[in-house]
Amino acid sequence: MADGGSNSMRHPVLQQRDVMTPDQFKTEMIGLLPRLRRFALSLTRSGPDADDLLQDACTNALQKWQQYDPAQPFDRWMFRVIRNLWVSEIRKRNVRMGEGQIDAQETHELQSPGSAEETLTAKQVRRKVADLDQDLAQPLMLVCAEGYSYKEAAELLNIPIGTVMSRIHRARKLLVSNLSVQESMQR
């Protein structure tokens, strides 16, 4: 069950039609908003920037909805729109130099309800993921948080699958190492 199986589970409605109406497009987009925001947050590492990026991506997608091919998974198309807009924004920021961002540690978007120990662990992991280089954090978030396969993440990020696997391995290794060091320091 290669790509066909995972796509049919995610978008059974899309595979049954050849053309998507504007209302269907909007409905699909609204259903994806929480996942799209998490992805935008993993890119920007800032709640306000993630919101701006998501808003720009939705505006862009709504303006160009006819360019979407319903034969392709809608979530991948939207993730690609977000990523492309972020790459453009980074280029603009590099030209302007000095535009600040709020660190992911200072945001509350990824908090999950739970015990105090679970909350503390989640905060530590979130901080450590935010400390990772973006090249490591992006594939890690796509595969581990969003549930994409390595192949799907490679296609979304436009990198070879081996690179995705290597980056996720390095990211996990760094997270374990950093969390172990932090835990031993707290004892």
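Trainee: Which residues have the most contacts inside the largest nonpolar core?

Mentor: This is a predicted model. In it, Phe-25, Phe-74, Trp-77, Met-78 and Ile-82 have the most contacts inside that core. The core has 41 residues.

Trainee: Which elements give two or more residues to this core?

Mentor: Helix 2, helix 3 (47–63), helix 4 (74–96), helix 6, helix 7 (150–157) and helix 8 (161–186) do. Helix 2 provides the largest share, 8 residues.

Trainee: Why are helix 2 and helix 6 called roughly antiparallel?

Mentor: Take the angle. The axes of helix 2 (residues 22–44) and helix 6 (residues 134–145) cross at roughly 165°. Angles over 145 degrees count as roughly antiparallel. Therefore helix 2 and helix 6 are roughly antiparallel to each other. Their axes come within 9 Å, and the crossing is right-handed.

Trainee: Which residues meet where helix 2 contacts helix 6?

Mentor: From helix 2, Phe-39, Ser-42 and Leu-43. From helix 6, Gln-134, Gln-138, Met-141 and Leu-142. The residues of this contact divide into 4 nonpolar, 3 polar and no charged.

Trainee: Why does Lys-26 count as partly exposed?

Mentor: Lys-26 has a relative accessibility of 41%. Buried means under 20%, and exposed means over 50%. The value of 41% falls in between, so Lys-26 counts as partly exposed.

Trainee: Where does Lys-26 lie, and what separates its C-alpha atom from that of Cys-58?

Mentor: Lys-26 lies in helix 2. The C-alpha atoms of Lys-26 and Cys-58 are 9.3 Å apart. Along the chain, the two residues are 32 residues apart.

Notes:
Residues are numbered from 1 along each chain as its sequence is written. This is a predicted model: local features need pLDDT of at least 70, side-chain atom pairs count only at pLDDT 80 or more; totals for chains, interfaces and linings use all residues. Side-chain values use heavy atoms; hydrogens and water are left out. Axes are lines fitted to C-alpha atoms, for helices over the stretch in contact, and angles run from 0 to 180 degrees between N-to-C directions. Helices (H or I, at least four residues) and strands (E, at least two) are DSSP runs, numbered from the N terminus. Angles under 35 degrees count as roughly parallel, over 145 as roughly antiparallel, 65 to 115 as roughly perpendicular and the rest as oblique. A crossing is left-handed if the near helix is turned anticlockwise from the far one by less than a right angle, and right-handed if clockwise. Contact means heavy atoms within 4.5 Å. Ala, Val, Leu, Ile, Met, Phe, Trp, Tyr, Cys and Pro count as nonpolar, Asp, Glu, Lys and Arg as charged, and the others, Gly among them, as polar. A nonpolar core is a set of buried Ala, Val, Leu, Ile, Met, Phe, Trp, Tyr and Cys residues joined through side-chain atoms within 4.5 Å. Buried means under 20% relative accessible area, exposed over 50%, partly exposed in between (1.4 Å probe, protein chains only).
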